[in-house]
Structures are given as structure tokens and as C-alpha cells.
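Morning, everyone. I have a few minutes on one structure, so please look at the sequence and the model as I go.

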Amino acid sequence: MLFHTVSKKGPKALAYTLLVSGWIATEYWYTTGDFSWPWLLLGNGFSHEVWAVQWYEYTGIFGGTLWVLLSNILLYEAWRRRRDAKAWTWAGAVVLLPILVSLGIFWSYEAPDEGSVTVSVVQPNIDCYDKFAAGTEQMQERLLLSMIEEAPAGSDFIVLPETVWPYAYDERYLPQAPVVTKIREILREKSSGAMIVTGAETIVYYPPEEQTETARQNERGAFYDKFNSTLGIDTTACLPIHHKGRLVIGVESTPTWIFKALKFLVIDLGGTVGQLGVGEPGPAFVHNGVSVGTPICYEGLYGNFYGGFVREGARALLISSNDGWWGDTPGHKHLFSIARLRAVEHRRAIARSANTGTSGFIDTRGDVQQKLGWDRRGILTGEVELNSELTFYTRYGDYLGRISELLMGLCILYYIAYRIKKKNHLVK
């Protein structure tokens, strides 16, 4: 609407500048606001063609959005002036030059020689809608423990899916939890030096004066948050935890201000009203001197959030996910492919474990090395290369979004000044 208004009464260059900056700023706000579904962002649309956007290591996905918008504007203007060779030259240059630059990076890129780690990803293929059904907990636990036993003894990391265990664990007693004890016993019996990176639901209790905005109360009046978490379990006493920080709207996250505004409409039916607790990127899980990031499922849609793990020291990324909610639709395929963009942005290799959907390995160039598809149970093992260098995008994050905010505001102010000056001129 801003573009429409300005294009009718202001300079065309100003209108187009406002359109591009306003679009990117809106996408940026979309990634930072309460309601966020980044699958729809233009820059994420290149996840199946990473060869064309290798320069994302400098711009992130907002560079892709900028490319799409400029290409369409210049092609449209060239079509309007079909006999103007200069207009077609500019349009062709904007469309093709980024591709040529990307191909140059793609073919010349070499990952730093920092070695690799052996990673096994587990895909148990448990129906996600039956996962929390009463009476199936012990069967699921036995299956998962048996798959851990089947993983190669030489693995450095064994990755399990998101919230894969059918119980929620109080973090105060997590080191003594039966499943943690059993996993450590298996690792000792196998003489395995691996760390198990696994998804789990965990609970954190708070004193009344320290409760968070998302905290709930149980029947005894105690305040607590339930988190979607990843755990790092090995034979040592160390047990690092990452709490999921980007939550799926509706399923995991319903902004608390909605409940405050509509509290008078809420009827207490005895269930839970609110959302899961919200975490931050990191910490990096350190095992045998190697630091890895452990993003969870939906967090893979946010480039700058991923960068938080890398800035914390992660040299590779191990993703736990559960893609089965959509069934055998393009959903799980697209969620896997978007992880390829994160690999390019931060030049970090990725190992991904899904409950069912797509598990596999992605290298630092965004190429898929191995994958296990829908409705299959199994274990994939591969080498994941390590990298400690920070890309330009990792260092500065979504700077294009922040610049667009500023530019959009300046364009609006300029338009207001332009209209006032024009009206005063007409009055004189």
C-alpha cells in the first residue's frame, strides 16, 4: 500500500526504493516477531538451488529477497520499454551476475582442513501422533535404546530426533533419570566414546519471584516451564542442555499477550493455556574437544538464530527434528532442504536426525551427502567436516534487514517532505 500511494504521487525511484526496503524490512520483522512462518520468505525459496546462492555467506536469505525484487522490477521496466537495449542490459546483469558469482564460489570453495567427526543419525520412524499414547512408552524406549546399541562403536556423536522420549524430565533430577543412566550403561558396555545428542521434553521449576512470562502453575501452585530441549549425554558427569528458542506458532507457541488481552474469554477446562518455554541459541556441546551446535527442527528456518550456535563456538551442527506431523507431503522435504541454506550461510556441515521424514548429511557447500527418506527406520553414519571460521553473515547477522528498516523510514520521511513542498509550491 505504501508503494501504491507513493508511486501515484511521488518519484518512481522513491516508490521502488520504498517497495524493496519495505518488503525486506517486513520479512525481517516477520523473523523476529511473535507470529513467524519463515517458509514464506523469498530468500528461503532457493533452498533447492544452493548452487545459485553461494553468496548467502555474505548476505543471508535477505540477499536472496533483494535479488528477487530487483530482478522483477528491472525485468518489468525492460518489458515496458521493450526497444530500450539499455533497460534489458541492466535487467540481464542483475539476474545473471549473482548466479555467475555464486558458481565461481561454488566451484572454487574448499572447506578448511580442520578434520572431521564421525556422526550417526538415528531415524526411529515412530508415528508422531501415537508417540505420547498411554501404554506405548516402554516399547518406544526399548526401540530407541536398541538403535543406540546398533550405532557403530566408532561414532563420535549419535544424534536422535526431537522430543523422541515419551516422558518429560525434571531438570533438577535429569542426571539420575533412568533413561540417562541406561544410555550411559550402553556407552560403557560398548566402550564407546560417543556423545548422544537427543531431543527430550524437560521441565524447569522457579521460585514465585523468578517465574518467566511463559511459566505455568501446577496443581500444587509451583511455577514451571516445559521446554523442547536437546541433551548431550556421554559417560562423564557433564550433561549440557539446549532449550528450543524458535517455536512453531499454535503448536508450541501462543503469544502470551493474546491471553492477557482475551483473558475474559478464556474458560478453564482443566488443560494448559500458554506456550512452551523459550530458550536462546547454544550452548555449544563440547565432546572430546569438539564443539557442536544442536538446533531443533523449526530453528532451522532462522539464519541469524543458527548463527548464534556458531558464534558460541560450534564447528558443526547436529539437528534433531520431528517432521512427521505433515505426513508424506513436501513439508519434511522442504524443511530438510532449508537446512542447506544454513550450511552455506555459516559454512558449517550439518547432520540431521528426524523421527521420520528426512535424515541425512549436508556439507559446508550445501550439498546433500546422504539421506534417509520418509517412512524408513534406520541409522546413517558419515563424516562431518569441522570449521571454526566465521563467515561475514555469521558475524553481522541480518544486517540487510536492519538497513532496510532505516531506509524504509527515510523513504517515508522524504515522501512526506516532498508532498509538503509540492503543495506549498502550488499554493504560491
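A residue counts as buried when its relative accessible area is under 20%. Aspartate 170 has a relative accessible area of 17%, so it is buried. Keep in mind that this is a predicted model.

Where does aspartate 170 sit? It is found in strand S3, residues 168–170. Setting aside neighbours within four places in sequence, aspartate 170 is in contact with Ile203 and Tyr205.

Next, the open sheet. Four strands form it, in the order S10-S11-S12-S13, and the pairing is mixed. S10 and S13, the latter covering 368–372, stand at the edges; each has a single partner strand, so one side of each is left without a neighbour in the sheet. On average, neighbouring strands here are turned by 10° against each other, direction ignored.

As a reminder, strands of a sheet pair through backbone hydrogen bonds, either parallel or antiparallel. S10 and S11, residues 350–354, run parallel and are joined by five bridges. In that pair, leucine 317 stands opposite isoleucine 350 of S11. On the next pairing, S11 and S12, residues 359–362, run antiparallel, with three bridges between them. There, alanine 351 stands opposite phenylalanine 361 in S12.

How many residues of S10 are buried? Five of its five, with the strand spanning residues 317–321. Both faces are covered: Leu317, Ile319 and Ser321 are buried on one side, and Leu318 and Ser320 on the other. Helix H10, residues 330–346, lies across S10, S11, S12 and S13, and it runs at about 20° to S12.

Now a helix pair. H6, residues 137–150, packs with H7, residues 178–189, at an angle of about 25°, and the axes are 10 Å apart. The two helices are therefore roughly parallel to each other, and H6 passes H7 in a right-handed crossing. Which residues meet? From H6 we have Glu141, Leu145, Ile148 and Glu149, and from H7 we have Lys182, Ile183 and Ile186. By class, this contact has four nonpolar, no polar and three charged residues.

Last, tyrosine 414. Its place is in helix H12, residues 399–427. Is tyrosine 414 buried, partly exposed or exposed? With a relative accessible area of 48%, tyrosine 414 is partly exposed. Tyrosine 414 is 391 residues from tryptophan 23 in sequence, and the two are 18 Å apart in space, C-alpha to C-alpha.

That is what I have. Questions, please.

Notes. Residues numbered from 1 in each chain as written. Predicted model: local features only at pLDDT ≥ 70, side-chain atom pairs only at ≥ 80, totals over all residues. Heavy atoms only, no water. Axes fitted to C-alpha atoms, helices over the stretch in contact; angles between N-to-C directions. Parallel < 35°, antiparallel > 145°, perpendicular 65-115°, else oblique. Left-handed = near helix turned anticlockwise from the far one by under 90°. Contact = heavy atoms within 4.5 Å. Nonpolar A, V, L, I, M, F, W, Y, C, P; charged D, E, K, R; others polar. Buried < 20%, exposed > 50% of the residue type's maximum accessible area, 1.4 Å probe, protein only. Pairing = 2+ DSSP bridges.
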